Amino acid sequence: MRKKTSGRRPVKSVITVRPAPLDRRRALVTFDGRTEQAAIGRSGITSRKREGDGATPRAAMKLIGGYVRRDRILLPPTPLPMRATRNGMLWCDAPSHARYNRPANAPFAPSHEDMMRTDRLYDICLVMDWNLTSRRRYAGSAIFFHLIRPGYEPTEGCVAISLAAMRRLIPHLRRGTVVKVV
């Protein structure tokens, strides 16, 4: 005998990222009825993302997991898979390398992002499924959801919010939560 279901599908969590009025390098992030300010790529939002263009891709990207600097941040509980950031953790952004848009470990000579940053941007760094599942060379790498710089300075193509906003948001996030940039 099959168990009866209500016929309803589980509601998927969606974080919406919309350009802010008057500044294409800023955005408004909405989740569960709450809106937060955010920084996005220095070139605004694009439908034609290319490596190094400084733009945030217009896309619906699923959250995969994330990294946290446990030596600096105590996170509230979250169902999102999180790994502790350690020295030597890198992210390859060299389009011609086999590890392009993938984690790497030091020593690593090709171009890369250091995940153990001193500027606190990656103290909480969530990985979005941009150019990960089916990678294309030069289509953009290291598109993360992370913490902001002072003054909401633009990113290289990521979405960035304040630590306070991230603390409010992260308990509701899980693998598969969609970050929809419109």
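These legends go with several close-up views of a predicted model.

Local features here need pLDDT of at least 70, side-chain atom pairs count only at pLDDT 80 or more, and totals for chains, interfaces and linings use all residues. Residues are numbered from 1 along each chain as its sequence is written, and side-chain values use heavy atoms, with hydrogens and water left out.

**View 1. Strand E14 pairs with E1 and with E6.** Strands are DSSP runs (E, at least two residues), numbered from the N terminus. Two of them pair if DSSP finds at least two bridges between them. E1 (residues 14–20) and E14 (residues 178–181) go together in the parallel sense, with four bridges. Look for Val-14, whose bridge partner in E14 is Val-178. E6 (residues 60–68) meets E14 in the antiparallel sense, over three bridges. Here Ala-60 has Lys-180 of E14 as its bridge partner.

**View 2. Strand E6 also pairs with E11 and with E7.** With E11 (residues 124–128), E6 runs antiparallel, and five bridges join the two. Find Val-68 and you'll see Ile-124 of E11 standing opposite. With E7 (residues 82–84), E6 runs parallel, joined by three bridges. Gly-66 has its bridge partner in E7, and that's Met-82.

**View 3. Trp-91 and Phe-144 make an aromatic pair.** The structure holds two aromatic pairs. Rings of Phe, Tyr and Trp (its six-membered ring) pair if their centres lie within 6.5 Å; planes under 30 degrees apart are stacked, over 60 edge-to-face, and the rest tilted. The ring centres of Trp-91 and Phe-144 are 5.2 Å apart and the planes sit at 85 degrees, so this pair is edge-to-face. Trp-91 belongs to strand E8 (residues 89–92) and Phe-144 to strand E12 (residues 144–147), so the pair ties together parts 53 residues apart in sequence. Both Trp-91 and Phe-144 are buried (under 20% relative accessible area; exposed is over 50%, partly exposed in between, with a 1.4 Å probe and protein chains only).

View 4. Tyr-122 sits in the loop between strand E10 (112–114) and E11, 22 residues from Phe-144 in strand E12. Tyr-122 has 4% relative accessibility, so it counts as buried.

**View 5. Arg-117 sits over a ring.** Its charged end lies over the ring of Tyr-122, 4.7 Å from the ring's centre. A charge sits over a ring if NZ of Lys or CZ of Arg is within 6 Å of the ring centre and within 35 degrees of the ring normal.
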